[in-house]
Amino acid sequence: MIRNAPKFVAYLRVSTDRQGKSGLGLEAQREAVQRFVEGRGGVIIAPEYVEVESGKRNDRPKLAQALKRCRLTGATLVVAKLDRLSRNAAFLLTLRDSGVDFVAADLPEANTMTVG
């Protein structure tokens, strides 16, 4: 790991089992996250967290694990697209208040500071 490089934890989500099994969407998310992190001179410090779950559900075990890893390491949660976290504003506000920084590769200006 590069010393003093920004640290990231990747979270990928697809909505259906079919998408998850086919890899549909996961590879594109993986590439977007990797490009973003490399563009920031950062490193992904943990295996990616992948979830097959509807964005309507707020109880997502893999997201909870990713957030815990971020808290323990001081890393920033990175997603390919903001809608991979949620389309629900209240959920995003709760995440903002969780003490974990996050950023979306497709909309880097939408982060912990700007959501809400």
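These are my notebook entries on what I looked up in this predicted model.

**Entry 1: the overall layout**

I started with the secondary structure. I found four helices and five strands in the protein. Reading along the sequence, I wrote the order down as β-α-α-β-β-α-β-α-β.

Next I looked at burial and surface. Of the 116 residues, 41% are buried. The protein exposes about 6,700 Å², and carbon and sulfur atoms supply 52% of that area.

I also checked how far along the chain the contacts reach. Among contacts with a separation of 6 or more, 65% are between residues 24 or more positions apart.

How many of the eight residues of strand S1 are buried? I got seven, in a strand that runs over residues 7-14, so S1 is largely enclosed by the rest of the structure.

Then I went through the strands that pair with S1. Strand S2 (residues 43-44) pairs with S1 in the parallel sense, over two bridges. Strand S4 (residues 76-79) is also parallel to S1, with three bridges. For strand S3 (residues 49-52) I noted a parallel pairing with S1 over four bridges.

Phe8 has Ile44 as its partner in S2 and Thr76 as its partner in S4. Further along, Leu12 stands opposite Val50 in S3.

As a reminder to myself, side chains in a regular strand alternate between the two faces of the sheet.

**Entry 2: Ala10**

Is Ala10 buried or exposed? Its relative accessibility is 3%, and the cut-off for buried is under 20%, so Ala10 counts as buried.

Which residues does Ala10 touch, leaving out those up to four places away in sequence? My list reads Val33, Ile44, Glu48, Tyr49 and Val78. I looked at Val78 again for distance: Ala10 and Val78 are 68 residues apart in sequence, yet their C-alpha atoms are 5.0 Å apart in space.

**Entry 3: Arg13**

Arg13 belongs to strand S1 as well. I looked up its accessibility and found a relative accessible area of 1%, so Arg13 is buried. Its side chain makes a polar contact of 3.3 Å with the side chain of Ser15.

**Entry 4: the aromatic pair**

I searched for aromatic pairs and the count came to one. Phe8 and Phe36 form it, in an edge-to-face arrangement with 6.0 Å centre to centre and 85° between the planes. Phe8 is in strand S1 and Phe36 in helix H2 (residues 26-39), so the pair ties together parts that are 28 residues apart in sequence.

**Entry 5: the salt bridges**

Last, I went after charged pairs. Side chains of opposite charge can pair when their charged atoms come close. The structure holds two salt bridges.

One of them joins Arg30 and Glu27, with the closest N and O atoms 2.9 Å apart. These two residues are three apart in helix H2, which means about one helical turn separates them. I noted both as partly exposed: Arg30 has a relative accessibility of 29%, and Glu27 has a relative accessible area of 41%.

Glu48 also forms a salt bridge with Arg30, and here the closest N and O atoms are 2.5 Å apart. Where do the two residues lie? Glu48 is in the loop between S2 and S3 and Arg30 is in helix H2, so this pair ties together parts that are 18 residues apart in sequence. Glu48 counts as partly exposed, at 31% relative accessibility.

Put together, Glu27, Arg30 and Glu48 are linked in a network of salt bridges.

Technical notes: Residues numbered from 1 in each chain as written. Predicted model: local features only at pLDDT ≥ 70, side-chain atom pairs only at ≥ 80, totals over all residues. Heavy atoms only, no water. Buried < 20%, exposed > 50% of the residue type's maximum accessible area, 1.4 Å probe, protein only. Contact = heavy atoms within 4.5 Å. Areas by Shrake-Rupley, 256 points an atom, 1.4 Å probe, with all protein chains shown as cover. Pairing = 2+ DSSP bridges. Polar contact = N/O pair within 3.5 Å; in protein donor to acceptor, adjacent residues only side chain to side chain. Phe/Tyr/Trp six-rings, centres within 6.5 Å; stacked < 30°, edge-to-face > 60°. Salt bridge = Lys/Arg side-chain N within 4 Å of Asp/Glu carboxyl O.
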